[in-house]
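User: I'm new to reading protein models and would like to go through one with you. Could you show me how to read its features one at a time?

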Amino acid sequence: MPDKERASLDDVRRVAELANLELTPDEEPRMRRDLNAILDYIAQLGELDTAQVQPMAQVSEVLATSGEGPSEKQSVLRDDEIRPCLDRAVVMASAPETDSIFFKVPKVIER
Amino acid sequence: MSTATTAPAASIDGIRSAIAKGETTAKALTEIYQARIAGEDDKIHAWLSVDNDYALTQAARIDDCAAKGDPLPKLAGVPFGIKDVLTLEGFAATAGSKILEGYRPPYTATAVKKLADAGAIFLGKLNCDEFAMGSSNENSAYGPVHNPHDLDRVPGGSSGGSAAAVAAGMAVATLGTDTGGSIRQPASFCGVVGVLPTYGRVSRYGLIAFASSLDRIGPFAASVRDAATVLGVIAGHDIMDATSSPLPVPDYTAAIDRSVKGMKLGVPSEYFAEGLDPEVRSAIEAGIDKLRAAGAEIRNISLPHTRYAIPTYYVIATAEASSNLARFDGVRYGLRAPQSDTLAAMYRRTRDLGFGAEVKRRILLGTYVLSHGYYDAYYRKAQQVRRLLAEDFLAAFREVDAIVTPTAPTPAFKLGEKSDDPVAMYLADIYTVTASLAGICGVSVPCGHSKAGLPIGMQILGKHFDEATVFRVGHALEKL
């Protein structure tokens, strides 16, 4: 066990707020326990010296630089052409609240 | 008790040829599978929705074709199930979550459309862990799937319904998705074949995203040949997914019968270390011995960064998930919590009502590792280790044609056994997350049973875009 918990209850509340999650009072201690267990496990990545390693965000990067695979595997930009998209009425039919043109939401500005 | 052994034996090519010759009809076959679902699924709970009329309408089109003597498409009359994270226009797509209850997507996933165009019959949508987050199917908001080989055990996850449906003979083939092992691990637990295609091989358009740099769509089937046939149908470039590859799709069954004689197969020592169940070890070693006896050259190799794969995966996958799942906010589709005074309160209450505990846990972890002050220590670090893991495989594939490992460290575990310990549950994916991070392809093929009769799967991993080789090895193993 580490000397100190990585995530405090305040950290859990702060992250929940960032993620727009509402945790109930009984969820908070459980999430704090689980988050710390997972962060302790993840801490072993610190054993590796990665100072000279480029981060890899997606698979095509490693294929492009390795010279192993066909070169056309790199992602390509498509032509900037107008193409049809989904019909507004069809999309709006899925909305919880709509006037059929806009999505309706509760008031945005608190006062 | 086992419901896995009474499945009607039907292959994709056999079905098409029987319909073409008039020995059966797509309608008759569809009704057989619908009756099996009606009879078996109370116990297994693999299906979240079925639509018998829709399937029979699709079947009627195939039968019309056959009656006119027209050539039948590749998957003509084949009863399919679709994991409920993939969209089919007008059909519920819950992703196993309450937050999408009642949602009817207005568009069809590219892989699903390709199946339909090839004559597949859609029986319904399949149960899975919520947003494909889980290794046991116990995170489905609609209740767990039971393993057809032992109803007290999990089918694996997250594509548990897709694996169980094939194992119980409720579909000939199914689609699943795999982000860290979600096709291969349930295939292993249920004794069926499951394919992880190379990242970019199958378009992700219409897949409800979990972790976009890792998510892949792939087939389950009872045989390697059938799985290869389905992959040939769903693979290919798609203008709707910029990460889909323009490389041509080969005929995956063309060389499937070729012997493994002279092939070099790597056995990584890191996959046979502490934590591997002794029965799984002996089953996989017996499978490797058979491949050696068939003429393959077995080489011991090392993938030195393997032990860092699970922590790397849980940083990257949760970071991407926290971003992807931000879209579920009660505005455009799905659930909205009623009677909120402000927009911010509506977001929070909707997400609290709609998401289950594991989804919240992963969103919190992902938000944490991306947040100010932690990004470099966690997210950037994990991306660096991801490159080391990928380079392990690239180096290994300079020496060997394919790599063979256990798919999972144990056979199917009991429902409830790991559900209170997230780290223990994450370790069920210890042999599968590496290929997910590296983007390479693989397949899980049945390779013996435990003494209790539970299936064990061998994972065969191949180079990027070299699915043909893993199918060849898998097919050989199946025949030995």
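**Reading a two-chain model**

Analyst: Let's start with chain A, whose secondary structure comes to four helices and zero strands. Helices here are DSSP runs of H or I with at least four residues, strands are runs of E with at least two, and both are numbered from the N terminus. Read from the N terminus on, the elements of chain A go α-α-α-α. Some ground rules: this is a predicted model, in which local features need pLDDT of at least 70, side-chain atom pairs count only at pLDDT 80 or more, and totals for chains, interfaces and linings use all residues. Residues are numbered from 1 along each chain as its sequence is written, while chains are lettered from A and ligands numbered from 1 in the order in which they are written.

User: What average pLDDT does chain B have?

Analyst: pLDDT is the predictor's confidence in each residue, on a scale from 0 to 100. Chain B averages 96, and 98% of its residues score at least 70. Over residues 1-7 of chain B, though, the pLDDT is below 50, and this stretch has 17 contacts in the model beyond near neighbours in sequence. A contact means that the C-beta atoms of two residues, placed from the backbone, lie within 7 Å. For the complex, the predictor gives an ipTM of 0.91 and a pTM of 0.96.

User: What share of the residues is buried in chain A, and what share in chain B?

Analyst: To judge burial, count the other C-beta atoms, placed from the backbone, within 10 Å of a residue's own: 20 or more is buried, 12 or fewer is exposed, and in between is partly exposed. Buried residues make up 19% of the 111 residues in chain A, and 63% of the 480 residues in chain B.

User: Why does the radius of gyration of chain B agree with a compact globule?

Analyst: The radius is taken over C-alpha atoms, and the globule rule is 2.2 Å times the number of residues to the power 0.38. For 480 residues, a compact globule would have a radius near 23 Å; chain B has 21 Å, so the two agree. Along its principal axes, the C-alpha trace of chain B spans about 65 × 55 × 45 Å.

User: In what order do the strands of the sheet in chain B lie?

Analyst: Strands pair if DSSP finds at least two bridges between them. Chain B has 15 helices and eleven strands, and an open sheet of eleven strands runs in the order 1-3-2-4-6-5-10-11-9-7-8, with mixed pairing. Strand 1 (47-50) and strand 8 (297-301) of chain B are at the edges with a single partner strand each, so one side of each has no neighbour in the sheet.

User: Which strands does strand 10 of chain B pair with?

Analyst: Strand 10 (residues 441-449) of chain B runs antiparallel to strand 11 (residues 455-462), joined by seven bridges. For example, B:Val445 has B:Met458 as its bridge partner, and B:Pro446 has B:Gly457. The two strands form a hairpin with five residues between them, and B:Gly453 in the turn has a positive phi of about 85°. Strand 10 of chain B also pairs with strand 5 in the antiparallel sense, over three bridges; there B:Leu196 stands opposite B:Gly442. Seven of the nine residues of strand 10 of chain B are buried, so this strand is largely enclosed by the rest of the structure.

User: Why does B:Ala93 count as buried?

Analyst: B:Ala93 counts as buried because it has 26 C-beta neighbours inside 10 Å. You'll find B:Ala93 in the loop between strand 2 (79-83) and helix 4 (110-117) of chain B. Leaving out residues up to four places away in sequence, B:Ala93 touches B:Asp84, B:Thr87, B:Leu100, B:Tyr103, B:Pro105 and B:Ile208.
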